[in-house]
Amino acid sequence: MRAVVFDGEVRVTERPTPRPAPGEALIRVLTTGICNTDLEIVKGYMGFRGVLGHEFVGVVEECSNPALDGKRVVGEINCACHRCRYCQLEMPHHCLRRSVLGILDRDGALAQYLTLPEENLHIVPNSIRDDVAAFTEPLAAAFRITEQLSIGEDDRVVVLGDGKMGQLCMQAVWLHTKRLVCVGKHPWKLDLLKDLHINIARHDDPVEPGADVVIEATGTPGGLQRAIELVRPEGTIVLKTTVADETPMALSAVVINEIKIVGSRCGPFRPALEALAMGNVEVRPMITEAYSLKDAAHALRRAAASDVMKVLVHI
Ligand SMILES: [Zn+2]
Ligand SMILES: [Zn+2]
C-alpha cells in the first residue's frame, strides 16, 4: 500500500498492508485531516517514527464484528491494554501501555489502510460527508472540555486562539453558553466565527477580565499568562494545546486567586458525531486546501503556513 512515512523526513512510499490483530479491524482510509500534532511530530515531538496521521474517516474492510463490516467509520486513537492500573480505573486514555494512532507505537492514517481495535470505531451517519467526518477526532477533543467541567448558560468563557482547535472549542462551548468570546490574531480566521455569530476580539483588544473559564488554545507560553490575567478568582483555565517550549512563568497569581488549571486532551466521539450530523457545529469553512496522498509531503508543508487552516488528504 502507499503511505506517508516519517523517519526523520516525510516520504510517500510503499509499505506492507497492515494485518489486523485479534479484535482489530482493517480499515481502508478515505480522507485524513492534518493536525498540528502531525506538524509537531515532524519537528521531533514524541520521537515518533512510522506512518503519520490520526484524524480519518474510512471503510471497514475486514473485522470479526458483522455490525461494522463494510461500514464507514471514524476511530478513537488511543489503544488501551485493559490490564494496567489506569485501564482498571476506567481511564483508558491514560493507559500506561497504550499505543496511539500515528503518534505513539502505531502506524497512522495517512495511508491506504490502517488497523484499530474494533472497540475504537464509531459508525458515521450517512448525512455526514467524508470531509466533515474527518473532523470527528479533533471535535471530540473539544467536547472533552464540557466532559471535564460543567459549563452553563450563565458562565462567561474566553477562548484564546483562533486556530483549528480554538475554533472547535468555541463551537463546542457555544452549545452550552452564548457568553463567550474568542480572542485571536488572524482577522480572516476570526471572520469564520463572526459568520457563526460568535463573539470575537483581536488579541490586542481589551477583554473584560473575570471570566469563569478561560480556554487556552494558542499553543504559546504567553497564552497561559494571558489566561491567568483573564480568569476570575477560583475560576478554571483549560489547557488545550501542548506547549513544547519550556518558559519560566509567574504562577503566584494561580495561588493567590486559587485558579484551577485543567489539562485536556482526547474526548468523546459520540457527541462530536451527533453535533456534526445535526449541523450544530460548522467545520466546512475551516477546510482551506485538499490534496491527494501522493502530494502529502506538500500538504504537510502547506498545513504549517499561516494562511491555511485545515488541510485534508484524500487517500
Ligand atoms: Zn489531531
Ligand atoms: Zn492499560
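A word on the ground rules. This is a predicted model, in which local features need pLDDT of at least 70 and side-chain atom pairs count only at pLDDT 80 or more, while totals for chains, interfaces and linings use all residues. Residues are numbered from 1 along each chain as its sequence is written, and chains are lettered from A and ligands numbered from 1 in the order in which they are written.

**Two loop residues and a helix residue**

Met46 has a positive phi of about 70° although it is not a glycine, and its place is in the loop between helix 1 and strand 4 (50-51). Helices (H or I, at least four residues) and strands (E, at least two) are DSSP runs, numbered from the N terminus. Glu90, also not a glycine, has a positive phi near 60° and lies in the loop between helix 2 (85-88) and strand 8 (99-100). Thr37, by contrast, sits in helix 1 (residues 36-42). Its C-alpha atom is separated by 8.8 Å from that of Gly53, 16 residues away along the chain.

| Residue | Other C-beta atoms within 10 Å | Class |
|---|---|---|
| Thr37 | 23 atoms | buried |
| Glu90 | 7 atoms | exposed |

In helix 10 (residues 296-303), the buried residues include Ala296, Ala299, Leu300 and Ala303. Viewed down the helix axis, the buried residues fall within an arc of 100°, so they line one face of helix 10; the arc is that of the directions from the helix axis to the C-beta atoms. They pack against strand 1 (2-6), strand 2 (10-14), strand 3 (24-34), helix 1, strand 17 (287-292) and strand 18 (310-314).

Because 4 of its 5 residues are buried, strand 18 is largely enclosed by the rest of the structure. Strand 3 and strand 18 run antiparallel and are joined by 4 bridges; two strands pair if DSSP finds at least two bridges between them. Gly33 has Leu312 of strand 18 as its bridge partner. Strand 17 pairs with strand 18 in the parallel sense, over 5 bridges, and Glu289 is bridged to Val311 in strand 18. From strand 17 the chain crosses through helix 10 to strand 18, and this β-α-β crossover is right-handed (with the strands pointing away from the viewer, the path from the first strand over the helix to the second runs clockwise).

The protein is divided into domain 1 (2-135 + 283-314) and domain 2 (140-263), with bounds from an automatic or database domain assignment. Their centres, taken over C-alpha atoms, are separated by 27 Å. In all, 7 residues of domain 1 are in contact with 7 residues of domain 2, where contact means that C-beta atoms, placed from the backbone, lie within 7 Å.

Helix 5 (residues 164-174) is mostly covered, with 11 of its 11 residues buried. Among them are Lys164, Gln167 and Trp174. The elements covering these buried residues include helix 4 (136-148), helix 6 (187-194) and strand 18.

Terms used. Buried ≥ 20, exposed ≤ 12 C-beta atoms within 10 Å, placed from the backbone. Contact = placed C-beta atoms within 7 Å.
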